[in-house]
Amino acid sequence: MKRKIITFIIVILILLEVWYLLPKPITETYQGGSYQLGGNTNFEKIIIDIDGTFRNTLTSDQTFNGTITVEGEDLPVAKDERQLELQFENEIEGSPMMYFTYSVDESGNVGPGIYNYGYIYINKDFSQFTIKKYGQKEEGKSWSGSDGMMITAPATNREEAIEISDQLIESYKRVGDTFERADK
(Lines give C-alpha, C1' and ligand atoms only; values in the text may rest on other atoms or scores of the structure.)
Protein backbone atom coordinates (compact mmCIF):
# COMPACT_ATOMS: atom_id res chain seq x y z
CA MET A 1 0.00 0.00 0.00
CA LYS A 2 2.83 2.42 0.89
CA ARG A 3 4.51 1.67 -2.42
CA LYS A 4 1.33 2.57 -4.36
CA ILE A 5 1.01 5.89 -2.49
CA ILE A 6 4.65 6.78 -3.14
CA THR A 7 4.30 5.81 -6.81
CA PHE A 8 1.12 7.89 -7.06
CA ILE A 9 2.84 10.94 -5.52
CA ILE A 10 5.84 10.57 -7.87
CA VAL A 11 3.55 10.33 -10.91
CA ILE A 12 1.63 13.44 -9.79
CA LEU A 13 4.91 15.36 -9.28
CA ILE A 14 6.16 14.34 -12.73
CA LEU A 15 2.86 15.38 -14.33
CA LEU A 16 2.99 18.76 -12.57
CA GLU A 17 6.55 19.33 -13.77
CA VAL A 18 5.62 18.40 -17.35
CA TRP A 19 2.61 20.75 -17.19
CA TYR A 20 4.87 23.52 -15.83
CA LEU A 21 7.36 23.09 -18.70
CA LEU A 22 4.85 22.77 -21.56
CA PRO A 23 4.61 25.87 -23.77
CA LYS A 24 1.42 27.82 -23.18
CA PRO A 25 -0.10 29.53 -26.23
CA ILE A 26 -0.88 33.23 -25.89
CA THR A 27 -3.10 34.84 -28.49
CA GLU A 28 -4.61 38.05 -27.16
CA THR A 29 -5.76 41.43 -28.42
CA TYR A 30 -5.47 44.28 -25.93
CA GLN A 31 -6.91 47.78 -25.88
CA GLY A 32 -4.33 50.12 -24.46
CA GLY A 33 -2.63 53.41 -24.99
CA SER A 34 0.52 55.17 -26.04
CA TYR A 35 1.74 58.18 -24.04
CA GLN A 36 4.76 60.09 -22.80
CA LEU A 37 5.61 60.87 -19.21
CA GLY A 38 6.34 64.27 -17.74
CA GLY A 39 4.15 67.33 -18.31
CA ASN A 40 2.71 65.92 -21.52
CA THR A 41 -0.91 64.76 -21.05
CA ASN A 42 -1.37 62.90 -24.33
CA PHE A 43 -2.92 59.43 -24.51
CA GLU A 44 -3.55 57.75 -27.84
CA LYS A 45 -5.76 54.66 -27.75
CA ILE A 46 -4.24 51.73 -29.60
CA ILE A 47 -4.72 47.99 -30.12
CA ILE A 48 -1.88 45.55 -29.38
CA ASP A 49 -1.86 41.93 -30.56
CA ILE A 50 0.26 39.29 -28.85
CA ASP A 51 0.60 35.91 -30.56
CA GLY A 52 3.09 33.30 -29.44
CA THR A 53 4.01 30.80 -26.77
CA PHE A 54 5.17 31.27 -23.19
CA ARG A 55 7.44 28.67 -21.62
CA ASN A 56 8.93 28.07 -18.16
CA THR A 57 12.33 26.43 -17.81
CA LEU A 58 13.81 24.20 -15.13
CA THR A 59 15.95 27.14 -13.98
CA SER A 60 12.80 29.25 -13.36
CA ASP A 61 13.54 31.50 -16.34
CA GLN A 62 10.66 32.19 -18.68
CA THR A 63 10.64 32.81 -22.43
CA PHE A 64 8.14 34.16 -24.92
CA ASN A 65 8.43 33.36 -28.63
CA GLY A 66 6.07 35.12 -30.97
CA THR A 67 4.98 38.52 -32.18
CA ILE A 68 3.83 41.69 -30.46
CA THR A 69 2.14 44.04 -32.91
CA VAL A 70 1.07 47.61 -32.18
CA GLU A 71 -1.74 48.66 -34.54
CA GLY A 72 -0.73 51.32 -37.05
CA GLU A 73 2.96 51.20 -36.20
CA ASP A 74 5.40 51.36 -39.10
CA LEU A 75 8.56 49.42 -38.24
CA PRO A 76 11.64 49.26 -40.49
CA VAL A 77 11.46 45.46 -40.24
CA ALA A 78 9.62 43.24 -42.73
CA LYS A 79 6.45 41.65 -41.31
CA ASP A 80 7.83 38.15 -41.79
CA GLU A 81 10.94 39.05 -39.70
CA ARG A 82 9.16 40.41 -36.60
CA GLN A 83 9.47 37.27 -34.51
CA LEU A 84 10.61 38.00 -30.95
CA GLU A 85 12.27 35.84 -28.35
CA LEU A 86 11.92 37.48 -24.94
CA GLN A 87 13.83 35.91 -22.06
CA PHE A 88 12.49 36.90 -18.67
CA GLU A 89 15.49 36.61 -16.41
CA ASN A 90 17.74 39.16 -14.78
CA GLU A 91 18.06 41.39 -17.85
CA ILE A 92 19.05 45.07 -17.95
CA GLU A 93 16.39 46.94 -15.98
CA GLY A 94 14.93 43.58 -14.92
CA SER A 95 12.97 43.14 -18.15
CA PRO A 96 13.80 41.84 -21.59
CA MET A 97 14.73 44.20 -24.37
CA MET A 98 12.51 43.98 -27.43
CA TYR A 99 14.62 43.95 -30.57
CA PHE A 100 14.15 42.65 -34.08
CA THR A 101 16.89 41.15 -36.20
CA TYR A 102 16.34 41.48 -39.91
CA SER A 103 18.17 40.95 -43.17
CA VAL A 104 17.03 43.74 -45.51
CA ASP A 105 17.65 47.46 -44.99
CA GLU A 106 15.37 50.35 -46.06
CA SER A 107 17.04 50.51 -49.51
CA GLY A 108 16.36 46.84 -50.18
CA ASN A 109 19.98 45.78 -49.71
CA VAL A 110 20.50 42.40 -48.12
CA GLY A 111 22.48 42.58 -44.88
CA PRO A 112 22.03 41.98 -41.14
CA GLY A 113 20.43 44.58 -38.93
CA ILE A 114 19.01 45.06 -35.44
CA TYR A 115 16.13 47.36 -34.58
CA ASN A 116 15.94 48.09 -30.84
CA TYR A 117 12.33 48.74 -29.89
CA GLY A 118 12.50 49.15 -26.10
CA TYR A 119 11.95 47.29 -22.82
CA ILE A 120 8.84 45.29 -21.97
CA TYR A 121 7.40 44.55 -18.53
CA ILE A 122 4.71 41.85 -18.35
CA ASN A 123 2.92 40.34 -15.37
CA LYS A 124 3.05 36.57 -14.85
CA ASP A 125 -0.26 35.76 -16.56
CA PHE A 126 0.29 38.13 -19.53
CA SER A 127 -2.86 40.09 -18.67
CA GLN A 128 -1.01 43.43 -18.29
CA PHE A 129 2.12 44.84 -19.86
CA THR A 130 3.94 48.08 -20.47
CA ILE A 131 6.64 48.86 -23.01
CA LYS A 132 9.21 51.61 -22.68
CA LYS A 133 9.61 52.32 -26.41
CA TYR A 134 12.72 54.14 -27.60
CA GLY A 135 12.14 57.56 -29.12
CA GLN A 136 13.24 58.45 -32.63
CA LYS A 137 16.17 60.60 -31.48
CA GLU A 138 17.52 58.08 -28.98
CA GLU A 139 16.74 54.88 -30.87
CA GLY A 140 19.03 52.09 -29.76
CA LYS A 141 20.76 54.16 -27.10
CA SER A 142 18.57 54.88 -24.10
CA TRP A 143 15.05 55.73 -23.04
CA SER A 144 13.73 59.00 -21.67
CA GLY A 145 10.22 60.16 -20.84
CA SER A 146 10.65 63.29 -22.94
CA ASP A 147 11.48 61.36 -26.11
CA GLY A 148 10.48 57.73 -25.56
CA MET A 149 6.91 56.50 -25.49
CA MET A 150 5.13 54.23 -23.04
CA ILE A 151 2.73 51.63 -24.43
CA THR A 152 0.50 50.08 -21.78
CA ALA A 153 -2.41 47.65 -21.89
CA PRO A 154 -5.08 47.12 -20.93
CA ALA A 155 -5.82 50.76 -20.26
CA THR A 156 -8.62 53.12 -21.22
CA ASN A 157 -6.98 56.38 -20.08
CA ARG A 158 -3.63 57.89 -19.15
CA GLU A 159 -4.10 57.60 -15.38
CA GLU A 160 -4.95 53.90 -15.58
CA ALA A 161 -1.96 53.31 -17.90
CA ILE A 162 0.45 55.06 -15.54
CA GLU A 163 -0.89 53.07 -12.59
CA ILE A 164 -0.35 49.77 -14.45
CA SER A 165 3.15 50.86 -15.53
CA ASP A 166 4.07 51.79 -11.95
CA GLN A 167 2.90 48.38 -10.71
CA LEU A 168 4.76 46.43 -13.40
CA ILE A 169 8.00 48.34 -13.02
CA GLU A 170 8.06 47.72 -9.28
CA SER A 171 11.85 47.72 -8.90
CA TYR A 172 11.99 51.20 -10.41
CA LYS A 173 10.22 54.39 -9.51
CA ARG A 174 9.07 57.07 -11.94
CA VAL A 175 10.75 60.41 -11.29
CA GLY A 176 9.53 63.11 -13.66
CA ASP A 177 10.53 62.11 -17.17
CA THR A 178 12.46 58.96 -16.35
CA PHE A 179 12.67 55.83 -14.19
CA GLU A 180 15.26 55.36 -11.45
CA ARG A 181 16.07 52.29 -9.40
CA ALA A 182 14.03 52.29 -6.20
CA ASP A 183 16.99 51.02 -4.19
CA LYS A 184 19.29 53.98 -5.00
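Q: Which residues of β7 point one way, which point the other way, and are they buried or exposed?
A: Phe-129, Ile-131 and Lys-133 point one way from β7. Thr-130 and Lys-132 point the other way. All of them are buried. Keep in mind that this is a predicted model.

Q: Why is strand β7 described as largely enclosed?
A: Count the buried residues along the strand. In β7, residues 129-133, five of the five are buried, so the rest of the structure largely encloses this strand.

Q: Which strand joins β7, and in what sense do the two run?
A: Look for bridges. Five of them join β7 to β8, residues 149-153. The two strands run antiparallel.

Q: How does β4 compare, and which residues form its covered face?
A: Read the two faces of the strand separately. Leu-84, Leu-86 and Phe-88 make up the covered face of β4. Glu-85 and Gln-87 make up the uncovered one.

Q: How many bridges join β3 to β4?
A: Five bridges join them, and the strands run antiparallel. Phe-64 has Leu-86 of β4 as its bridge partner. Asn-65 stands opposite Glu-85 in β4. Recall that Leu-86 belongs to the covered face and Glu-85 to the uncovered one.

Q: How many bridges pair β2 with β3?
A: Nine bridges, again in the antiparallel sense. Gly-52 has Gly-66 in β3 as its bridge partner.

Q: Let us step back to the whole chain. How many helices and strands does the protein chain have?
A: Two helices and ten strands. Read the order from the N terminus: α-β-β-β-β-β-β-β-β-α-β-β. Of the 184 residues, 36% are buried. Next, check the contacts with a separation of 6 or more: residues 24 or more positions apart account for 45% of them. For the surface, the chain exposes about 11300 Å². Carbon and sulfur atoms supply 53% of that.

Q: Which residues have the most contacts inside the largest nonpolar core?
A: Ile-68, Tyr-117, Phe-126 and Phe-129. This core has 25 residues. β1, β2, β3, β4, β5, β6, β7 and β8 each give two or more residues to it. A second, separate core has twelve residues, including Leu-37, Tyr-121, Tyr-134 and Ala-155.

Q: Which residues does Phe-129 contact, leaving aside its neighbours within four places in sequence?
A: The list includes Tyr-30, Ile-48, Ile-50 and Ile-120. Tyr-121, Ile-122 and Ile-151 are also among the contacts of Phe-129.

Q: Why does Phe-54 count as buried?
A: Compare its relative accessibility with the cut-off. Buried means under 20%. Phe-54 has 8%, so it counts as buried. Phe-54 is found in strand β2, residues 44-56. Its contacts beyond four places in sequence include Leu-22, Pro-23, Phe-64, Phe-88 and Phe-126. Phe-54 and Pro-25 are 29 residues apart in sequence, yet 6.3 Å apart in space, C-alpha to C-alpha.

Q: Is Glu-170 buried or exposed?
A: Apply the other cut-off: exposed means over 50%. Glu-170 is exposed, with a relative accessible area of 67%. Glu-170 sits in the loop between α2 and β9. Glu-170 and Tyr-121 are 49 residues apart in sequence and 9.8 Å apart in space, C-alpha to C-alpha.

Q: How do I read a helix, and which residues of α2 are buried?
A: Start with the general idea. An α-helix has 3.6 residues a turn, so residues three or four places apart point the same way. In α2, residues 158-168, the buried ones are Arg-158, Ala-161, Ile-162, Ile-164, Ser-165 and Leu-168. They cover an arc of only 160 degrees around the axis, which puts them on the same side of α2.

Q: Which residue caps the N-terminal end of α2?
A: Asn-157 does. A side-chain oxygen of Asn-157 lies 3.2 Å from the backbone nitrogen of Glu-159.

Q: What is the peptide bond from Ala-153 to Pro-154, cis or trans?
A: In general, most peptide bonds are trans. The bond from Ala-153 to Pro-154 is cis, with omega near -10 degrees. Pro-154 has its place in the loop between β8 and α2.

Note on methods. Residues numbered from 1 in each chain as written. Predicted model: local features only at pLDDT ≥ 70, side-chain atom pairs only at ≥ 80, totals over all residues. Heavy atoms only, no water. Helix = DSSP H or I, 4+ residues; strand = E, 2+ residues; numbered from the N terminus. Buried < 20%, exposed > 50% of the residue type's maximum accessible area, 1.4 Å probe, protein only. Contact = heavy atoms within 4.5 Å. Areas by Shrake-Rupley, 256 points an atom, 1.4 Å probe, with all protein chains shown as cover. Arc of directions from axis to C-beta. Polar contact = N/O pair within 3.5 Å; in protein donor to acceptor, adjacent residues only side chain to side chain. Pairing = 2+ DSSP bridges. Core = buried A, V, L, I, M, F, W, Y, C linked by side-chain atoms within 4.5 Å.
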